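Grab a pencil and have the model open. Try each exercise yourself before reading its solution.

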Amino acid sequence: MFELVIIDINDVKKSTWLRYQYSNYICILINEIQFLMMNEKVWIVGLGAMSSIGNNVAENFNALMNLQSGIGACTILNTIHQETLPVCEIKLSNETLAEMAGMKLHLPRAVYFSAIASQEALTQFKSCISESDYHDLRIGFLSGNTIGGMDLSENFYADLLNDQSSGHLKEVVHHECGAITALVASHLNISHYVSTLSTACSSSANAIIQGSKLLKHDKLDVVLVGGTDALCRFTLNGFNTLMILDNQPCKPFDENRKGLNLGEGAGYVVLISDRIKNKFSIEPIAEVSGYANANDAFHQTASSAEGNGNYMAMEQALQMSKLQPYQIDYINAHGTGTANNDASEGIAIERLFKEQTPLVSSTKANTGHTLGACGGLEAVYCCLSLQHQVVYPSLRIDTPMKEFTFKINQAIIKDQKINHVMSNSFGFGGNCTSLIFSNPKEQL
Amino acid sequence: MMNIYINGIGSISAQQFDTRSAQLSFQNHPSNRLMAIEPDYKDLMPPMQLRRMSKVVKIGIASAKTALKDAGIEKPDIITTGTAYGCLADTEVFLQKMITQNETLLTPTAFIQSTHNTVSGQIALMLKCHGHNFTYVQKGHSFESSLQESIMWLNENNNLHILTGGIDEMTDHAFNIIARFGTYKNDSNHYTSPSEGTIAGEGAHLFVINTQRNEKTYAQLVDMKMCATNDIPMELESFLSSNSLKATDIDTCFVGINGDNRYDETILNNVKSLSNCQFVDFKKWCGEYPTSGSFALALACNQIYHKKIDSAFLFQPSNQDHIPQNVLIYNHYKNNYHSFILLKSL
């Protein structure tokens with residue numbers, strides 16, 4: 001006969017004795033539970049944003065609703081291109097940023113952005129639970145980043161080229177991308193899991209994917225995910241050599257678009273598992289209902305004309321969410337403003353959604369391309385779209401692109417039900433990511 | 001948990017290392033910087049592409065191709081790798097020109113290839129592999145982050161073939177800069193001298209892992225852990241017990257001591273509960289670098305495959321070869337970024 005024994009799965013995992021005792025049954029049980037966990041939902045319960053259009057989430061949202069953009073002359077970054085290449089710069093000195101972040105001076109700029117936006121997101125989550133409950137949670141930090149401490153390394157390297165023994169070591173000690181994440185993790189007192197993804201412009205979107213998986217696999221209870229990047233001469237000059245920078249404010253999805261404007265900032269969301277949501281009865285902002293990463297495998301920096309990688313990422317994200325194309329209400333496109341990206345992305349959207357193309361816009365017309373931060377920042381914007389039931393316009397479109405039949409959204413939309421939002425991030429190395437965020441009220 | 005097996009390895013390091021070979025003849029180089037021995041790339045990639053590639057991209061791709069061939073797989077479903085430094089040489093080329101030419105007359109090639117995910121991206125490009133493609137860059141946990149992701153993938157879908165590994169290059173400039181932090185020994189000292197500092201290394205190690213055991217399987221990858229705290233004895237105990245093992249069950253430990261007398265004693269102390277165990281100090285062969293755990297995994301797999309630990313590798317010299325069964329890799333980077341990988345002989 002059967003004997004029903006109710007045991008906590010966490011005790012089983014910890015206790016060797018329990019495992020021996022019930023080995024056969026538990027093996028089945030663990031596999032079952034593992035399977036159930038893969039299907040467990042992941043919820044967003046905190047948002048943090050910092051960009052050229054605002055130092056926090058509320059300021060960013062206001063700017064988006066007021067059609068503001070952060071594009072202008074470069075004044076803080078010391079480059080010969082200050083007058084010629086417009087950027088989306090956060091107009092705060094490193095001293096001010098250090099003070100806002102509550103951190104010491106002489107750290108890479110990306111650290112301050114990351115710390116400020118992370119703290120905002122984490123504070124929102126902390127308001128949902130008690131201090132002691134918070135301390136019992138397994139919390140991780142997974143951040144996307146592409147340039148690390150390059151803004152300081154550039155100074156160091158100039159000295160080094162004159163003399164191998166010169167240059168202040170403090171300007172190069174945080175050069176690695178992983179150093180940015182480690183510094184912020186330690187500032188936030190997070191140690192359970194700390195890692196960095198660097199897949200160019202999809203880095204922070206990929207952090208959201210992997211963070212979701214860490215929750216589903218029960219490696220963590222809570223994970224802070226997103227990304228950060230600061231403007232530096234290295235990337236500004238690098239993109240300039242590729243001839244994909246617009247010397248005017250960028251016009252994503254315009255027929256006569258000339259390129260992108262680089263930006264800087266950070267965007268983070270706090271993810272929790274279903275277990276934590278239910279245990280603490282937390283009201284989520286959104287659900288991470290689908291995600292996928294695919295590789296275009298076409299060229300190191302250019303997208304294939306058909307947007308194969310883009311298509312696969314969107315299609316697989318949709319499959320995971322079990323949504324039909326017509327159920328997506330808004331696509332926050334990668335939409336950099338380069339001839340190549342916008343054509344490939346638009347064609348991929350049209351191929352996948354056909355006549356049912358949702359509203360599409362690019363907020364990079366507001367923030368510029370923030371590289372390792374854009375997936376995190378745009379995830380925040382997507383959550384705000386669900387929360388406030390609005391869709392942002394793509395700014396500065398004079399002549400809409402003729403390659404595809406659907407229209408890019410050019411006005412603020414307030415009168416439509418927004419239940420499911422897709423966010424695209426495509427990067428060098430053919431790295432294509434699509435995320436889907438859903439209205440939590442739809443799930444009840 | 002799925003049973004996960006390591007079925008293919010590509011190894012490029014300071015050693016000539018054919019991972020299927022039963023007789024390894026590793027060289028002990030008296031230097032504070034061990035350089036990767038680059039293979040003949042002719043059979044591995046087209047010469048046109050080869051010319052444009054920096055060392056890290058070349059060793060990464062060559063290692064990937066070797067691993068896939070070793071496992072008898074043409075194209076993996078997932079690519080996930082770790083690199084702490086990324087593409088240092090290309091970064092330096094662009095940086096140097098940008099500074100010396102005062103941000104003028106620059107060309108894009110070095111910039112394009114300086115992106116941290118260049119190696120993973122180029123592997124995908126070469127194989128026309130459209131699958132999921134991640135690159136982790138978390139210092140001493142870069143490789144381990146990618147390995148953990150691989151295990152998660154196989155627990156989600158047991159039909160996948162994963163290509164995972166750790167890749168890092170060392171350049172002259174980077175070596176000199178890191179040396180200024182007191183990381184490396186002085187020229188005259190090498191690994192064996194008990195002094196401050198270690199020896200630099202570099203390498204590319206890629207692995208094909210999946211849930212299918214065959215006659216060419218190296219070892220079972222039982223579990224891994226990136227330590228969250230610096231209480232390593234406690235972390236070790238909980239890691240072993242979550243795998244239903246006691247400290248005395250571990251018979252072989254590949255330990256990440258590196259000749260730096262500031263850390264080695266602490267590191268050995270951290271695993272002193274392994275009382276029934278022979279130790280292998282692998283870093284004397286590959287040097288110290290943040291993704292050196294991938295070299296340890298390759299060496300451990302080779303030894304497990306041949307069911308003996310060569311006496312030349314044992315920390316405490318012995319006349320007898322030792323038979324590995326439950327094998328632990330314990331690595332760290334500067335007494336930080338501690339990690340465990342648990343392997344089982346089949």
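Two exercises on this predicted model follow.

Residues are numbered from 1 along each chain as its sequence is written, and chains are lettered from A and ligands numbered from 1 in the order in which they are written.

**Exercise 1.** Work out how H8(A) and H3(B) pack.

*Solution.* 
- Step 1: Helices here are DSSP runs (H or I, at least four residues), numbered from the N terminus.
- Step 2: Axes are lines fitted to C-alpha atoms over the stretch in contact, and angles run from 0 to 180 degrees between N-to-C directions.
- Step 3: H8(A) and H3(B) are therefore roughly perpendicular (65 to 115 degrees).
- Step 4: A:Glu154, A:Tyr157, A:Ala158 and A:Leu161 meet B:Leu95, B:Gln96, B:Ile99 and B:Thr100. Contact takes C-beta atoms, placed from the backbone, within 7 Å.

**Exercise 2.** Describe H11(B) and what comes just after it.

*Solution.* 
- Step 1: H11(B), residues 293–305, has 13 residues and reaches 18 Å from its first C-alpha to its last, close to the 18 Å expected at 1.5 Å a residue.
- Step 2: 13 of the 13 residues of H11(B) are buried (20 or more other C-beta atoms within 10 Å of their own, all placed from the backbone).
- Step 3: just after H11(B), B:Lys307 takes a positive phi of about 55°.

How values were computed: Predicted model: local features only at pLDDT ≥ 70, side-chain atom pairs only at ≥ 80, totals over all residues. Helix = DSSP H or I, 4+ residues; strand = E, 2+ residues; numbered from the N terminus. Parallel < 35°, antiparallel > 145°, perpendicular 65-115°, else oblique. Contact = placed C-beta atoms within 7 Å. Expected span 1.5 Å × (residues − 1). Buried ≥ 20, exposed ≤ 12 C-beta atoms within 10 Å, placed from the backbone.
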